Amino acid sequence: MLDIVVIFLLVSGLVFFTGGAVGILRLPDFYTRLHPAGKMDTLGSLLMVLAVALFNLHDFTWMQLITSLKIVLVVLFIFVLSPTATHAIVDAGVRAGLKPWTKKKE
Amino acid sequence: MKTAGLIIVILAGAILLYATQDFPPWGAPDSPASTHVSPRYLQKSMEETAVPNVVTSVLADYRGFDTMFETSVIFCAGIGCFALLRIFRKKPEDRYYRHIATEITLHIKGGRIPEKSSEFERIDALWTPYDLIIKTVCRILVPFIQLFALYVIAHGHHSPGGGFQGGVILGASMILIAISYNMRTAIARISEKTDNLLMATGVFIYAGIGTLCLILGANFLDYSGLSTILFSGPIMARSHGIFGVEIGVGITVMAVMISIYNNLASEGKQDEGL
């Protein structure tokens, strides 16, 4: 039962990571590329690390619970910090005067 | 010239690749790396020092001299950066102040420095408005980073980590304050004088523990001599001695990181920058 949940989380995390990678490669400019880099990587790593934390709980001993709690802490910090870092990078781009990409009128 | 360089590079690379054939296979039991002294460390480390992490026991106990002078090297790097970069300027420079209520910026050219007041706030020449998100997240995060750094220092006996790594994380937490606020805020937390004193304190703690062993009748940096003052057996005394040494290393590394960052980012003025 636990394995199914873990596999589900891992696969969905992988889907988000793939989407993020495709987005970084295919989107046209700085800001749009930061969008998948910030959002998809956060959600993807969140799901994957959660899957690792769940997988670690197989025998449910006290030590494993402690380790899983530490892994959940990692999830928490990724959740807070990755969007903040993206925000800081975008902020620097705006302040440096980079114009967002628009569709040219033809 | 380019072709000559290319030929030399290819030749040197080919010779290096040829020489790798004489290396023992990876993990071979009869290779020099795993025959002389390393099996002894691997087998005896736990019963001699009560430290499960062999890397820590080799680094801080068996090879204690090496680590002590490594710490001194880091200390010298900090002092070198200080001596090369630090500028003590006598005449006052241009300063920028911002009226907090109206957000009007004043530019004061030389002359008399205004007194501190709660209405005006000194800002950098390249000032950008503080970002609320970054500021808040960094403020919340810094205690956790420092807690983790202390964990890394204290847990070096059991897991990867130790004084060097923990010290760098501690220094990074202070650098994060300097980046997310400004340098004056970080220097108000740890002043330059404190920082430079801490640099020397770490090396002093390391060498002091070594000398303490000498005073108590053991060899220099032989922590088993500390058992009389630590009220524990010689094996646990070695474990505690390693911990004390790691604290010294951590303090030095932290202070040197902060000092190098402050001197580099502010071009030696320790005033404003980044």
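Is A:Arg95 buried, partly exposed or exposed, and what is its relative accessibility? Select A:Arg95 to find out. Its relative accessibility is 43%, so A:Arg95 counts as partly exposed. Keep in mind throughout that this is a predicted model.

**Stop 1: a pair within one helix**

Now colour helix H3 of chain A, residues 62-95. Both partners lie in it, four residues apart. That spacing is about one turn of the helix. A:Asp91 is buried, with a relative accessible area of 18%, whereas A:Arg95 is partly exposed.

Why can such side chains pair at all? Opposite charges can pair when the charged atoms come close.

**Stop 2: a pair across chain B**

Move to chain B and select B:Arg86 and B:Glu192. Here is another salt bridge, with the closest N and O atoms 2.6 Å apart. B:Arg86 sits in the loop between helix H4 (64-85) and strand E1 (95-99), while B:Glu192 is in helix H8 (residues 192-215), so the pair ties together parts that are 106 residues apart in sequence. Show the surface around B:Arg86. B:Arg86 counts as buried, at 16% relative accessibility.

**Stop 3: strands and a network**

Which residue meets the side chain of B:Glu121 in a salt bridge? Select B:Arg98. The N to O distance is 2.6 Å. B:Glu121 lies in strand E3 (residues 120-123) and B:Arg98 in strand E1, so this pair ties together parts that are 23 residues apart in sequence. Compare how open each one is. B:Glu121 is partly exposed, with a relative accessible area of 22%. B:Arg98 is buried, with a relative accessible area of 12%. Salt bridges that share partners join B:Arg98, B:Glu103 and B:Glu121 into one network.

How many salt bridges does the structure hold over all chains? There are six.

**Stop 4: a buried serine**

Finish at B:Ser180. Find it in helix H6 of chain B, which covers residues 163-180. Is B:Ser180 buried or exposed? It is buried, because its relative accessible area is 11% and buried means under 20%. Now show its neighbours. Leaving out residues up to four places away in sequence, B:Ser180 touches B:Tyr130, B:Ile134, B:Lys135 and B:Cys138.

Notes. Residues numbered from 1 in each chain as written. Chains lettered and ligands numbered in written order. Predicted model: local features only at pLDDT ≥ 70, side-chain atom pairs only at ≥ 80, totals over all residues. Heavy atoms only, no water. Helix = DSSP H or I, 4+ residues; strand = E, 2+ residues; numbered from the N terminus. Buried < 20%, exposed > 50% of the residue type's maximum accessible area, 1.4 Å probe, protein only. Contact = heavy atoms within 4.5 Å. Salt bridge = Lys/Arg side-chain N within 4 Å of Asp/Glu carboxyl O.
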